[in-house]
Amino acid sequence: MKALSIAATGMMAQQTNVDVISNNIANANTTGFKASRAAFQDLIYQSMQREGALTSEAGSTRPVGVDIGMGVQTAGTVRLNTQGGMVATENQLNVAIDGRGYFSVLMPDGNQAFTRDGSFQLSAEGEIVTMQGYRVDPGLVVPPNTTSVEINEQGVVMAYVENDPIPVELGQLSLTTFVNEPGMRPVGNNFLLATEASGEAQVVTPGAPGTGLLRQGYLEASNVNVIQQITDLISAQRAYEMNSKSIETADQMLSAANQIR
């Protein structure tokens with residue numbers, strides 16, 4: 001009887017499903033967070049009787065076979081890169097991406113990471129950095145005595161210094177896009193890394209075709225639909241219970257078979 005091992009794979013799959021859903025719910029208020037879903041696929045099949053096999057000397061064939069599946073396995077976790085809502089913060093260093101693209105961040109080890117979290121701050125040297133203090137490429141520095149900073153939709157950063165009515169252009173924030181965004185690897189702290197699956201990073205100007213615009217004074221909220229996640233959680237729980245019931249039933253059947261004299 002294969003039911004024991006088959007149901008066990010189902011329980012492990014649903015445990016993974018619950019883990020993914022729990023992470024989504026936990027990050028419902030995380031800036032720029034993208035929900036994920038667990039994707040599953042069936043395991044190899046054992047063919048007891050082949051489709052198309054001869055059933056008589058007259059040439060008749062079997063229309064269907066007898067194929068017993070070995071269970072289920074997790075194929076991957078797919079990140080859903082839909083747009084999150086815009087939350088007004090009135091902070092001039094908060095920037096949301098409205099559309100495709102990521103901010104590029106220089107990590108302490110010299111590598112680049114990418115994020116949708118635009119809750120930027122100023123370092124002690126006036127450099128625009130992330131909440132962790134990592135420099136936002138291309139490394140813009142706000143002059144001392146700056147009274148306000150303006151960032152337009154195309155990422156051009158301008159600073160009004162003291163009482164000068166003419167702003168100083170500091171540079172331009174760029175965005176990075178990837179052919180396969182779900183192929184990026186999450187590493188925590190709202191950061192993603194490029195991988196072979198994601199393709200090479202393409203640096204573009206905000207507002208370019210197929211690229212989002214920047215919204216100063218806003219942050220992108222998580223795209224987690226809490227109601228849908230709770231519904232999925234209940235469904236995963238029921239599937240887990242049914243697999244558990246299958247194991248219990250298979251055990252009872254084996255026990256009955258063992259008691260036959």
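Trainee: Which residues does Gln-14 touch, not counting those up to four places away in sequence?

Mentor: Some ground rules to begin with. This is a predicted model, where local features need pLDDT of at least 70, side-chain atom pairs count only at pLDDT 80 or more, and totals for chains, interfaces and linings use all residues. Residues are numbered from 1 along each chain as its sequence is written, and side-chain values use heavy atoms, with hydrogens and water left out. Contact means heavy atoms within 4.5 Å. On that basis, Gln-14 touches Ala-236, Ala-239, Tyr-240 and Asn-243.

Trainee: Where is Gln-14 placed, and is Gln-14 buried or exposed?

Mentor: Buried means under 20% relative accessible area, exposed over 50%, and partly exposed in between (1.4 Å probe, protein chains only). Gln-14 has 15%, so it counts as buried. Its place is in helix H1, residues 3–26. Helices (H or I, at least four residues) and strands (E, at least two) are DSSP runs, numbered from the N terminus.

Trainee: What about backbone geometry?

Mentor: Most residues other than glycine have a negative phi, and most peptide bonds are trans. Here, Glu-90 has a positive phi of about 60 degrees. Glu-90 sits in the loop between strand S5 (86–88) and strand S6 (95–98), and is exposed at 79% relative accessible area.

Trainee: Which peptide bond is cis?

Mentor: A cis bond joins Asp-137 and Pro-138, with omega about 10 degrees. Pro-138 lies in the loop between strand S11 (135–136) and strand S12 (146–151).
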